[in-house]
Protein chains: 2
Amino acid sequence: MARVRHKRLDCSPGCAVEGVLQLVDGKWKGVILYHLLEQDVLRFNAFRRLMPNVTARMLTNQLRELEADGLVTRTVYAQVPPKVEYGLSERGRSLEPVITALKRWGDAHLELSPGEDSLSDAA
Amino acid sequence: MARVRHKRLDCSPGCAVEGVLQLVDGKWKGVILYHLLEQDVLRFNAFRRLMPNVTARMLTNQLRELEADGLVTRTVYAQVPPKVEYGLSERGRSLEPVITALKRWGDAHLELSPGEDSLSDAA
DNA sequence: GCACATAGTATCGAAACGGATACCACCATG
DNA sequence: CATGGTGGTATCCGTTTCGATACTATGTGC
């Protein structure tokens, strides 16, 4: 679901840049990774509470892709009611400098007025 | 053209991360920015030669969006044949740590087999 | 006078994206 | 017996993306 982007990474050294972008791109992956770096472990519905606008379909989707890319781990507990925990793999955790660089730049250059970045859906 | 992503950045502190992603995301923006950091100034067709798979339509599009976001500058010389130069604005140049972080991670974790990242279209 | 290079634009249409909605199993609680 | 919470899946369907193709203007070289 993460935009097909490039079949071939035909951009010479720029490839590396594109390659990471391909992993992080996806409507909600940035936020998901960010939250996982902060919280360590999150359950499905915990994500939904953190990001009220994401639909279950999309959340599943993004998490599955991140898992397929080896960035997040998915642990299912054989319980009823079900319990599934999402966390960062080692590879995922290694993205920290990247996420940090993104956050640092955003904080410095984006000037999100506080109040626009509320957790509430503010419908 | 850069995927609508989120109307509201309702992800609390993660917003900053998403915000930057919104600027860098776009099928070719990562590579464009990377090349501009390396080369300083590039002309339209120079980009096309560096990225043989991008169509004129898309290239125009990505450059225009980057320009609208204040990351690249576009200088038109009143000549015939036309000459248009693209470069980084100060804001664009400030993205360097971000691009660098992306590239560093990509180089370390992606293992692009050399030969797959050729400049040629290798049709 | 024809082709080539410059830097694009316009239009078509197929494919992908992604929201809305309904639905699943299972258990606990009231 | 119904309702709520868990973690999803399936389907429909409008919207967006983006490649392909054709086309523009002007000046130079052959």
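Tutor: Happy to! Reading chain A along its sequence, you pass through the pattern α-α-β-α-α-β-β-α-α, which comes to 6 helices and 3 strands. Please keep in mind that this is a predicted model. Of the 123 residues in chain A, 37% count as buried. If you take the contacts in chain A between residues at least 6 apart in sequence, 51% of them join residues at least 24 apart.

Now to the part you asked about. Find helix α6 of chain A, residues 96–109, and helix α6 of chain B, also residues 96–109. Two packed helices are described by the angle between their axes and the distance between the axes. Here the axes come within 9 Å and cross at roughly 170°. Angles over 145 degrees count as roughly antiparallel, and that is why α6(A) is roughly antiparallel to α6(B).

Which residues make the contact between these helices? From α6(A) come Pro97(A), Val98(A), Ala101(A), Leu102(A) and Trp105(A). From α6(B) come Pro97(B), Val98(B), Ala101(B), Leu102(B) and Trp105(B). Sorted by class, the contact of α6(A) with α6(B) has 10 nonpolar residues, with no polar and no charged ones.

With that in view, let's visit another helix. In chain A, helix α2 spans residues 29–39 and is mostly covered, with 8 of its 11 residues buried. The buried ones are Lys29(A), Gly30(A), Val31(A), Ile32(A), Leu33(A), Tyr34(A), His35(A) and Leu36(A).

Finally, let's turn to the strands of chain B. There you will find an open sheet of 3 strands in the order β1-β3-β2, with antiparallel pairing. Its edge strands are β1 (41–43) and β2 (72–77) of chain B, each of which pairs on one side only. On average, neighbouring strands of this sheet are turned by 30° against each other, direction ignored. To follow one pairing, trace β2(B) beside strand β3 of chain B, residues 83–88: they pair in the antiparallel sense over 6 bridges. One spot to look for is Thr75(B), which stands opposite Glu85(B) in β3(B).

To come back to your request, the meeting place is where α6(A) and α6(B) run roughly antiparallel, in a contact with 10 nonpolar residues.

Methods: Residues numbered from 1 in each chain as written. Chains lettered and ligands numbered in written order. Predicted model: local features only at pLDDT ≥ 70, side-chain atom pairs only at ≥ 80, totals over all residues. Axes fitted to C-alpha atoms, helices over the stretch in contact; angles between N-to-C directions. Helix = DSSP H or I, 4+ residues; strand = E, 2+ residues; numbered from the N terminus. Parallel < 35°, antiparallel > 145°, perpendicular 65-115°, else oblique. Contact = placed C-beta atoms within 7 Å. Nonpolar A, V, L, I, M, F, W, Y, C, P; charged D, E, K, R; others polar. Buried ≥ 20, exposed ≤ 12 C-beta atoms within 10 Å, placed from the backbone. Pairing = 2+ DSSP bridges.
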